[in-house]
Amino acid sequence: MLKELTLVLTFVASVDENGRETKKTRRFNQVRLDLTNSQALELQGLISELTGETYVTAELTEQKVVN
């Protein structure tokens with residue numbers, strides 16, 4: 001039984017003088033359980049417009065109850 005769905009968006013926060021990237025994530029907990037991959041990508045685009053951040057990955061994480 002699916003209990004919780006989390007959307008995790010990752011973006012490059014900074015690049016140092018040696019070219020190493022520092023990545024950060026934004027987590028959105030308790031998104032709709034019926035969220036599809038295409039809807040998650042659409043949400044990623046909307047959040048990107050609001051924050052000005054360019055996301056390199058979008059990940060849906062499912063938490064399930066196993067009996």
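Me: Which residues make up the largest nonpolar core?
Reply: Nine residues do: Leu5, Leu7, Leu9, Phe11, Val31, Leu35, Ala40, Ile47 and Tyr55. A nonpolar core here is a set of buried Ala, Val, Leu, Ile, Met, Phe, Trp, Tyr and Cys residues joined through side-chain atoms within 4.5 Å. Buried means under 20% relative accessible area, exposed means over 50%, and partly exposed is in between, with a 1.4 Å probe and protein chains only.

Me: Which element gives the most to this core?
Reply: β1 does, with four residues. Both β1 (2-15) and α1 (37-51) supply at least two residues each. As general background, nonpolar side chains in soluble globular proteins tend to be buried together.

Me: Before I go on, what kind of model is this?
Reply: A predicted one, where local features need pLDDT of at least 70, side-chain atom pairs count only at pLDDT 80 or more, and totals for chains, interfaces and linings use all residues. Residues are numbered from 1 along each chain as its sequence is written, and side-chain values use heavy atoms, with hydrogens and water left out.

Me: What box do the C-alpha atoms fill?
Reply: Roughly 50 × 25 × 15 Å, taken along the principal axes.

Me: And how much of the protein is buried?
Reply: Buried residues make up 21% of the 67 residues. The protein exposes about 5200 Å², with carbon and sulfur atoms supplying 47% of that. Those areas come from the Shrake-Rupley method with a 1.4 Å probe, and for residues only the protein chains shown count as cover.

Me: Switching to charges. How many positive and negative side chains are there?
Reply: There are 8 positive and 10 negative, and the centres of the two sets lie 6 Å apart. Lys and Arg count as positive, Asp and Glu as negative, while His and the chain ends are not counted. Each charge is placed at NZ of Lys, CZ of Arg, CG of Asp or CD of Glu.

Me: Back to Leu5. What does Leu5 touch?
Reply: Not counting residues up to four places away in sequence, Leu5 touches Phe28, Asn29, Gln30, Val31, Arg32, Leu33, Leu35, Leu60, Thr61 and Glu62. Contact means heavy atoms within 4.5 Å.

Me: Gln30 is on that list. What is its phi?
Reply: Phi of Gln30 is near 55 degrees, a positive value in a residue other than glycine. In general, most residues other than glycine have a negative phi. Gln30 is found in the loop between β2 (21-28) and α1, and Gln30 is exposed, with a relative accessible area of 66%.

Me: Where is Thr61, and what does Thr61 contact?
Reply: Thr61 is in strand β3 (residues 55-64). Leaving aside neighbours within four places in sequence, Thr61 contacts Glu4, Leu5, Thr6 and Val8. At 34% relative accessibility, Thr61 counts as partly exposed.

Me: Now helix α1. Is Gln44 buried or exposed?
Reply: Buried, at 14% relative accessibility. Gln44 sits in α1 and touches Leu9, Tyr55 and Ala58, not counting residues up to four places away in sequence.

Me: Last one: where is Lys23, and what does Lys23 touch?
Reply: Lys23 is in strand β2. Not counting residues up to four places away in sequence, Lys23 touches Thr10, Phe11, Val12 and Ala13.
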